[in-house]
Amino acid sequence: MSRINTNVQSLIARRSIGVNNRSLNEALLRLSTGLRINSGKDDPAGLIASETLRSGIRAVSSAIDNANRADTIVAVAEGGLQEISALLLELENLVDQSGSPAGLTSEEVNANQGQIDAILESIDRLATVTAFGNKKLLNGSLAFTTSGINITQSTGAAVNHLSNVQVNSAKIPSGSYRNVAINVVRKSEVALMSTVLAGTNSSGVRNGTLKGATTIQITGVYGTETLNFTSGTTAAVIASTIRDSKEVTGVSATASAATGGPASLVLQSTGYGSDAMVSVSVLQNASTAFVSQAAEDTDYGGNGIVTINGANAVVRGLDASVRTGSLSLDITMVAAFGTTTGSTSSFQVTGGGAIFSISPTVGLSGQESIGLLEVSASKLGNAGVGFLATLKSGLTNDLASGNFATAQRIVRSAISEVAGLRGRLGAFQKDTLITTINSLEVARENLTAAESAIRDADFAAETSNLTRAQILVSSSTSILQLANSQPQAALALLG
């Protein structure tokens with residue numbers, strides 16, 4: 001070593017110590033944090049990918065939490081409905097018992113009515129108090145809101161096309177509404193039979209009366225009634241007698257006076273669709289009571305064809321329902337609308353409903369909703385048969401009225417309505433929420449694994465790097481010490 005002003009070996013050793021110290025510090029940092037990427041300089045592209053994955057993991061975790069919360073809310077609502085269902089079954093038992101008045105004393109009937117009143121009050125209370133926190137679930141506050149169902153003409157008269165609308169779920173754009181267009185492609189029909197009575201006047205001209213004493217059996221969806229008529233009974237009297245029994249049979253009748261001819265007897269079901277039926281059996285004088293009437297004859301109604309927003313609805317009589325990804329609803333058409341081919345109507349779903357965001361992407365596509373209708377006594381039932389509240393003391397269908405058949409139909413309609421709502425809630429839990437949670441859990445696992453592969457440190461590799469860095473730092477330090485001592489050899493030349 002003949003030059004002492006510049007110690008190149010020392011500079012090389014010092015640079016090597018710096019490099020090795022950085023490697024040592026990097027290995028210590030990764031081992032202490034467990035992360036391969038601790039700042040952007042460690043791996044810029046990897047950091048970007050890792051942060052994107054972390055964002056996705058957070059979004060998936062939030063969606064899972066939202067779905068779990070939704071499942072809890074629905075479970076609370078279903079619990080309230082379960083109690084209401086039990087009360088409705090007890091209510092039908094009381095109505096059925098009271099429908100046998102000869103077997104009960106007046107005191108027992110009064111006791112049953114008192115119990116019915118208590119049950120109806122309990123149903124109203126459950127509809128009010130069933131809540132998740134301060135959010136009421138069964139009082140109608142989570143039902144969808146609609147507009148334009150009842151159309152008002154320029155004359156001021158209201159045109160009712162729908163007697164009931166139940167929106168089960170709907171995806172409504174923010175600040176807007178979802179339009180519902182209904183088109184009756186083919187009308188629903190009643191079961192219908194018509195015959196001419198065989199009686200004649202003195203000139204042998206048919207005069208719309210029975211030719212002889214006749215016994216007929218009328219059967220409808222509700223039951224059967226046997227009616228006896230004497231010779232000469234008019235079609236109008238027969239029709240009136242059949243109408244008097246329509247609550248028992250589900251069959252009504254009219255006398256149709258044809259111009260220039262005898263009156264015809266027209267029998268038709270009180271309901272519509274394939275479930276409706278009229279059956280007539282002539283038990284006495286089948287060959288002389290009616291003209292061209294078989295001894296036994298049956299006719300059934302027919303379901304129409306209805307489209308809702310272009311989709312074919314499932315139709316049963318005047319009831320129609322549609323299930324699509326953006327809209328699920330059930331409607332009941334008024335007879336004048338549902339039995340007229342070519343009828344059209346529309347209304348808007350403007351908001352409401354229980355809306356849950358159960359997707360990592362916040363927005364309309366990631367939302368699921370369900371409508372929770374009010375289940376108080378004044379809402380259970382329907383406009384056709386009546387509402388549950390009418391069974392209270394002093395109202396139309398209390399036990400004192402004797403309308404046991406109507407009361408039973410109202411209760412059964414309420415039972416069916418509550419059961420249907422419970423079924424929808426159960427399907428929402430099982431087929432929407434739980435399946436979504438399971439899918440999101442798998443997605444979170446995969447995203448976490450991908451993020452870990454990018455960002456987490458490999459402890460085996462980092463331990464090896466630490467050992468190597470420690471050795472190199474020690475070696476570099478020794479070399480620097482040696483390099484700094486070498487220039488001292490120049491002193492030997494002085495002396």
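Colleague: Which residue in β19 stands opposite Val314?

Modeller: Happy to start there, and bear in mind that this is a predicted model. Strand β18 is joined to β19 (residues 319-323) by three bridges, and the two run antiparallel. Within β19, the residue opposite Val314 is Ser321.

Colleague: What is the strand order of the open sheet of four strands with β18 in it?

Modeller: Let's begin from its edges, which are β6 (162-170) and β18 (314-316), each pairing on one side only. Neighbouring strands there are turned by 10° against each other on average, with direction ignored. The pairing is antiparallel, and the order reads β6-β20-β19-β18.

Colleague: How many residues does the hairpin use to join β9 to β10?

Modeller: Strand β9 (residues 214-219) and strand β10 (residues 224-229) pair in the antiparallel sense over six bridges. Thr219 has Thr224 in β10 as its bridge partner. The hairpin that joins β9 to β10 runs through four residues.

Colleague: On to the helices: are α2 and α8 roughly parallel or roughly antiparallel to each other?

Modeller: Good one to check by angle. The axes of helix α2 (residues 44-98) and helix α8 (residues 404-455) come within 7 Å and cross at roughly 165°. Angles over 145 degrees count as roughly antiparallel. The relation of α2 to α8 is therefore roughly antiparallel.

Colleague: How many nonpolar residues are in the contact of α2 with α8?

Modeller: The two helices pass each other in a left-handed crossing. By class, their contact has twelve charged residues, eleven polar ones and, for the class you asked about, nonpolar residues numbering 34.

Colleague: What about α1 and α9: is their crossing left-handed or right-handed?

Modeller: The axes of helix α1 (residues 8-33) and helix α9 (residues 459-485) come within 8 Å and cross at roughly 155°. These helices are therefore roughly antiparallel to each other. As for the hand of the crossing of α1 and α9, it is left-handed.

Colleague: Now the second largest pocket, please: which element gives the largest share of its lining?

Modeller: This pocket holds about 310 Å³ of space. The elements that give two or more residues to its lining are β6, β20 (327-333), β23 (367-370) and α8. The largest share, four residues, comes from α8.

Colleague: Last one: which of its 17 lining residues are closest to the centre of that pocket?

Modeller: By class, the lining of the second largest pocket divides into five nonpolar, eight polar and four charged residues. Closest to the centre are Ser169, Ser328, Ser369, Phe428 and Thr432.

Terms used. Residues are numbered from 1 along each chain as its sequence is written. This is a predicted model: local features need pLDDT of at least 70, side-chain atom pairs count only at pLDDT 80 or more; totals for chains, interfaces and linings use all residues. Side-chain values use heavy atoms; hydrogens and water are left out. Two strands pair if DSSP finds at least two bridges between them. Axes are lines fitted to C-alpha atoms, for helices over the stretch in contact, and angles run from 0 to 180 degrees between N-to-C directions. Angles under 35 degrees count as roughly parallel, over 145 as roughly antiparallel, 65 to 115 as roughly perpendicular and the rest as oblique. A crossing is left-handed if the near helix is turned anticlockwise from the far one by less than a right angle, and right-handed if clockwise. Ala, Val, Leu, Ile, Met, Phe, Trp, Tyr, Cys and Pro count as nonpolar, Asp, Glu, Lys and Arg as charged, and the others, Gly among them, as polar. On a 1 Å grid over the protein atoms alone, a cavity is a set of points where a 1.4 Å probe fits but cannot get out, and a pocket is an open set with protein on both sides within 12 Å along at least five of seven lines; lining residues have an atom within 4 Å of a point. Grid points are joined across faces, edges and corners, and a volume is the space filled by probe spheres set on the points.
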